[in-house]
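Reader: I am new to this structure and would like a friendly tour. Could you walk me through it, one question at a time?

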Amino acid sequence: MKVSTQIIIDAVLDTLYMVSISLFFGAILGFILGVILVVTRKGHILENKLIFAIVNPIVNTLRSIPFIILLVAIIPFTRLLVGTAIGTTAAIVPLVLHIGPYISRLIENSLLEVDGGIIEAAKAMGASPFQIIQKFLLPEAFPSLILSVTTATIGLIGATAMAGAVGGGGLGDVAITYGYQRFDNTTIMVTVVILVVLVQVIQSIGNSFERKIRRVS
Amino acid sequence: MIEFIETTKEFQVGTSTVTALNHINLTIQKGDIFGVIGFSGAGKSTLIRTVNLLEEPSSGQVIVNGKELTTLTKSQFREEKKNIGMIFQHFNLLHSKNVFENVAMPLIISGVKKTNLRDQVNEVLAFVGLTDKANRYIDELSGGQKQRVGIARALVTKPTILLCDEATSALDPQTTKSILTLLKKINREYGITILLITHEMEVIRDICNRVAVMENGRIIETGNVLEIFSTPREETTKSFVQSVVRDEIPPSVYEQLKSMNDTKKIYSLKFIGVDVGQPIVSQVAKKFAVDVNVLFGNITELQGIPFGHLIVELVGSDKDIQKAFLFIQAKNIQIEEVVARESEHTNHYRRGSRYAVHG
């Protein structure tokens, strides 16, 4: 292996940093968009054609841009937001814009899975739309939301591999610059193994958390 | 009290309009257990949902306890909803919460502090017999227990009206009985007016005092349960009544008709109320020179009053049979002769016209 252990460790930390920060903001963004997509749709508790007609295509547009293109396409916006277009922090802006809409679709699915009867019961007892979201929809969808966020996290790890394109660092960057470009198969193997382990760990945590919430032993 | 005045509900399905409720006029009195029966698609589900505005009527009014809900502000309306409990066919309980939390939900929604609702929740849990299940989660309960949670949740805000949307349709017959008994108890002990919809005539028979039959968005027949069961006018009503009170003539009776001669006649007797307790069969046999063979019998109970149907064979001379006939008729029992119909459909038979004596 032509790279030091320190480089690998730094790369892992960079990846975790990018994943966690962008997951945090992406989840907030995705959560808000997901809830809007559900409650403003036709026949739902806050049906609103205009809002749905605005949010839905925005989410679709962001979802349809390949991440590597999004990464460079929004460089001016990134510079505006975080002051720089290069580096790990700069990679977070496109990561959030990439994962937020993705999470919103997952959250949308989870919320739509909640039995309509629950909403009817909530309405019958006089719950306001906000109460329906807060006390009925979200708690009922929670186990499914956990799985959605787990899936999104793993998607994020994949996306961070491309962060190298804007000098974002991370495991993917190491694999490309040290492994691929220098013909160092060992480095590629090591990064792949670390990524596999990372994904396994995250999926297991997500699954066990979900099972605990659903009270499945 | 619930009043429907010219209540109409139309749905837009694609380019066509479906009329789910067609000028409904109906009054449910305080203290009633009022049943609305109909086949699927009759509009009964829409009807019950207009009472708490889960469906808003397209035109006409629904007046609940003197208030027309559509005229209230949103907050007044939410307040009013505490007065209207509702239970559902599929219970619609929160799986993420335990029994106690589910039942407490309407109180939490209306802003009662968590520390102040314990007594109220425990009281209704005791009433429905689930005190020991308070900490269980919904998926650990049986269907009957789930519906009891639903009932407790509906009662916790002390409503004056309870809406039951096919509340027993997902339950087995035995559990249905126990839930119906509970509904009756709610009506009796709390004086809560119950409006229920169902497609099962047994439910109407077991607990309702008044019933309306719906078809194609209209109410085709309404009245007290005894009336509807004894003298259904519409075909749909008749078929519902027959699902519980089998009064069609069994094939074995038709077999008997084939070997009929002048000294035997077959009659169908319908009892409503007290008469059924009278030993009519033995009286007839004693008083007149006729033998009475019971060929078929079916007795059910409506609001504590026996309601029944007997098919008997009277054997004797024409004169004696006619005397017996008049005697039975005088006892306020509907009696009709069962005769073979002369038609090209050789196996079809029909009863003679009501109260007519066939010589």
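Reader: How many of the five residues of β6(B) are buried?

Author: Before counting, please note that this is a predicted model, where local features need pLDDT of at least 70, side-chain atom pairs count only at pLDDT 80 or more, and totals for chains, interfaces and linings use all residues. Residues are numbered from 1 along each chain as its sequence is written, while chains are lettered from A and ligands numbered from 1 in the order in which they are written. β6(B) is largely enclosed by the rest of the structure, because its buried residues number five of the five.

Reader: Which residues of β6(B) point the other way from B:Ile84, B:Met86 and B:Phe88?

Author: In a regular strand the side chains alternate between the two faces of the sheet. In β6(B), B:Ile84, B:Met86 and B:Phe88 share one direction, and all residues on both sides are buried. Pointing the other way are B:Gly85 and B:Ile87.

Reader: Which residue in β7(B) stands opposite B:Gly85?

Author: Two strands pair if DSSP finds at least two bridges between them. β6(B) and β7(B), residues 161–165, have five bridges and run in the parallel sense. Opposite B:Gly85 stands B:Leu162.

Reader: Where does β6(B) sit in its sheet, and which strand is at the other edge?

Author: The sheet is open, with six strands in the order β6-β7-β8-β3-β9-β10 (chain B) and mixed pairing. From one strand to the next the twist averages 15°, with angles running from 0 to 180 degrees between N-to-C directions of axes, which are lines fitted to C-alpha atoms (for helices, over the stretch in contact). β6 of chain B is an edge strand that pairs on one side only, and so is β10 (218–224).

Reader: Which helix lies across β6 and β7 of chain B?

Author: The helix in question covers residues 143–155 of chain B. Its direction is at about 165° to β6(B). It is α5 of chain B.

Reader: What is the order of the open sheet of four strands in chain B?

Author: Its edge strands, each pairing on one side only, are β2 (16–28) and β5 (67–68) of chain B. Within it, β1 (residues 2–13) and β4 (residues 59–64) of chain B run antiparallel and are joined by five bridges, with B:Phe4 opposite B:Val62. The pairing is antiparallel, and the order is β2-β1-β4-β5.

Reader: Which residue in the turn between β12(B) and β13(B) has a positive phi?

Author: β12(B), residues 291–302, pairs with β13(B) in the antiparallel sense over eleven bridges, and B:Asn298 stands opposite B:His309 there. On β13(B), residues 305–315, there are also nine bridges to β11(B), residues 264–272, where B:Phe271 has B:Gly308 as its partner. β12(B) and β13(B) form a hairpin with two residues between them, and the one with a positive phi, about 50°, is B:Gln303.

Reader: How many helices and strands does chain A have?

Author: From the N terminus on, its elements run α-α-α-α-α-α-α-α-α. Of its 217 residues, 41% count as buried, and its C-alpha atoms fill a box of roughly 65 × 45 × 25 Å along the principal axes. The tally for chain A is nine helices and zero strands.

Reader: How are α7(A) and α9(A) oriented to each other?

Author: The axes of α7(A), residues 129–160, and α9(A), residues 185–213, come within 8 Å and cross at roughly 175°. Angles under 35 degrees count as roughly parallel, over 145 as roughly antiparallel, 65 to 115 as roughly perpendicular and the rest as oblique. The two helices α7(A) and α9(A) are therefore roughly antiparallel.

Reader: Which element gives the most to the side of chain B that touches chain A?

Author: Residues are in contact if their C-beta atoms, placed from the backbone, lie within 7 Å, and the contact takes 18 residues from chain B and 15 residues from chain A. On chain B, α2 (74–81), β6 (84–88) and α3 (99–109) each supply at least two residues. The most, three residues, come from α3(B).

Definitions and conventions
Contact = placed C-beta atoms within 7 Å. Buried ≥ 20, exposed ≤ 12 C-beta atoms within 10 Å, placed from the backbone.
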